[in-house]
Amino acid sequence: MQEKRVALVTGANKGIGLEIAKSLAKQDVIVLLGARKLEDAESAAKGIGENAHPVQLDVTSQVSIDAVSDRIRKEFGRLDILMNNAGISRAGAGGTFQEAVSKNLLTAAPLADIRAVFETNVFGVIAVTQAMLPLLRESPAGRIVLTASSGASMTLNSDPSNSHRNMFGNYSVSKTAAHAVTLAFALALESTNIKVNAACPGFTSTALNNFNGTRSVEEGAREPVRLALIGPDGPTGTFSDVNGPVPW
Ligand SMILES: NC(=O)c1ccc[n+]([C@@H]2O[C@H](COP(=O)([O-])OP(=O)(O)OC[C@H]3O[C@@H](n4cnc5c(N)ncnc54)[C@H](OP(=O)(O)O)[C@@H]3O)[C@@H](O)[C@H]2O)c1
């Protein structure tokens, strides 16, 4: 069995996920970088070094998820940290950020697009977490972190003075559901060694928002990585960013 802690990061070939993987590897954690395309995972892992291992992982494919959990058990014998990071902001590519935001409103988004976004952002999180739970339960200190979004906070969006709330569409609604899923896992696992938390990276410049974000990936990865590495006294069932608690 591997002596170092082992982490799985979904959507680790670019953006915040890649930075999370780099940071964890620097802390001497063995990091499995999940990517839909194996070659993307391979080139991302090469840039990190010996603690990084590429894995093909599409969070919408149960076959792919099960293959990863089998491989982790056989090759590493343990899993300590699961970073539920993979996400999409819209179905299909193209268009400006503003066009994508308008198309994302539930008054405009085709149901097929809504289902596609939920498949990755919500059901993907449930499927990967369920599949990795047997390994995480065996860890002395299992950690699960969702890359969450304060833009999907129902409390913040209920406030009429919030100028960003005109963007509360399909993507945000899927992240709100992912927050609920994360809290549900935290509550169900409260009596175990597994701590489950949601961390908002802030508005980070990545492909997800056509690089309109104002924060760097280094800044964005900070809170998810902090929660991945919390000790036994750390929290579970929380939602936070670098400035502290965020309302659900
Ligand atoms: N950027 C922000 O401002 C911001 C703010 C709040 C929360 N977040 C969250 O941060 C997370 C990471 O996003 P990002 O900003 O870093 O965007 P990104 O650069 O577009 O990265 C998204 C990652 O998810 C992967 N992915 C998409 N669908 C997948 C699937 N079915 N299976 C496995 N991987 C899949 C992508 O892989 P491909 O390369 O194959 O597409 C990519 O690696 C998301 O959960 C997002 O909701 C981002």
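This is a predicted model: local features need pLDDT of at least 70, side-chain atom pairs count only at pLDDT 80 or more; totals for chains, interfaces and linings use all residues.

Me: How are α5 and α7 oriented to each other, roughly parallel or roughly antiparallel?
Reply: The axes of α5 (residues 111-138) and α7 (residues 170-188) come within 9 Å. They cross at roughly 20°. Angles under 35 degrees count as roughly parallel. That makes α5 and α7 roughly parallel.

Me: Into which classes do the residues of the contact of α5 with α7 divide?
Reply: On α5 the contact includes Ile114, Val117 and Phe118. On α7 it includes Tyr171, Val181 and Phe185. The residues of this contact divide into 11 nonpolar, four polar and two charged.

Me: What is the hand of the crossing of α3 and α5?
Reply: The axes of α3 (residues 62-76) and α5 come within 10 Å and cross at roughly 20°. The two helices are therefore roughly parallel. The crossing of α3 and α5 is right-handed.

Me: How many residues in the contact of α3 with α5 are nonpolar?
Reply: From α3 come Gln62, Ile65, Asp66, Ser69, Ile72 and Arg73. They meet Ala127, Val128, Ala131, Met132 and Leu135 in α5. Two residues of this contact are polar and two are charged. The nonpolar ones number seven.

Me: Are α1 and α8 roughly parallel or oblique to each other?
Reply: The axes of α1 and α8 lie 8 Å apart, at an angle of about 55°. Roughly parallel would need an angle under 35 degrees, and roughly perpendicular one of 65 to 115. α1 and α8 are therefore oblique.

Me: Which residues in α8 does α1 meet?
Reply: The crossing of α1 and α8 is right-handed. Gly15, Ile16, Glu19, Ile20, Ser23 and Leu24 are the α1 side of the contact. They meet Val217, Glu218, Gly220, Ala221, Pro224, Val225 and Ala228.

Me: Which element gives the largest share of the shell around the ligand?
Reply: The shell holds 32 residues, and the closest are Gly11, Gly15, Gly87, Thr206 and Leu208. Two elements give two or more residues each: α1 (15-26) and α5. The largest share, three residues, comes from α1.

Me: How many residues of the shell around the ligand are polar?
Reply: The shell has 11 nonpolar residues and five charged ones. Its polar residues number 16.

Me: Is Gly237 buried or partly exposed?
Reply: Gly237 lies in the loop between α8 (217-228) and β7 (239-241). Burial takes 20 or more C-beta neighbours. Gly237 has 16 inside 10 Å, so it counts as partly exposed.

Me: Which residues does Gly237 touch beyond four places away in sequence?
Reply: Gly237 and Ala184 are 53 residues apart in sequence, yet 8.3 Å apart in space, C-alpha to C-alpha. Beyond four places away, Gly237 touches Leu183, Ala186, Leu187 and Val196.

Me: What is phi of Asp28?
Reply: Asp28 is in the loop between α1 and β2 (30-35). It has 9 C-beta neighbours inside 10 Å and so counts as exposed. Most residues other than glycine have a negative phi. Phi of Asp28 is positive, near 65°.

Me: Is Phe211 buried or exposed?
Reply: Phe211 is in the loop between β6 (195-199) and α8. Its phi is positive, about 60°, although it is not a glycine. Phe211 has 11, so it is exposed.

How values were computed
Residues are numbered from 1 along each chain as its sequence is written. Axes are lines fitted to C-alpha atoms, for helices over the stretch in contact, and angles run from 0 to 180 degrees between N-to-C directions. Helices (H or I, at least four residues) and strands (E, at least two) are DSSP runs, numbered from the N terminus. Angles under 35 degrees count as roughly parallel, over 145 as roughly antiparallel, 65 to 115 as roughly perpendicular and the rest as oblique. Two residues are in contact if their C-beta atoms, placed from the backbone, lie within 7 Å. Ala, Val, Leu, Ile, Met, Phe, Trp, Tyr, Cys and Pro count as nonpolar, Asp, Glu, Lys and Arg as charged, and the others, Gly among them, as polar. A residue is near a molecule or strand if its C-beta atom, placed from the backbone, lies within 6 Å of it. A residue is buried if 20 or more other C-beta atoms lie within 10 Å of its own, exposed if 12 or fewer, and partly exposed in between; C-beta atoms are placed from the backbone. A crossing is left-handed if the near helix is turned anticlockwise from the far one by less than a right angle, and right-handed if clockwise.
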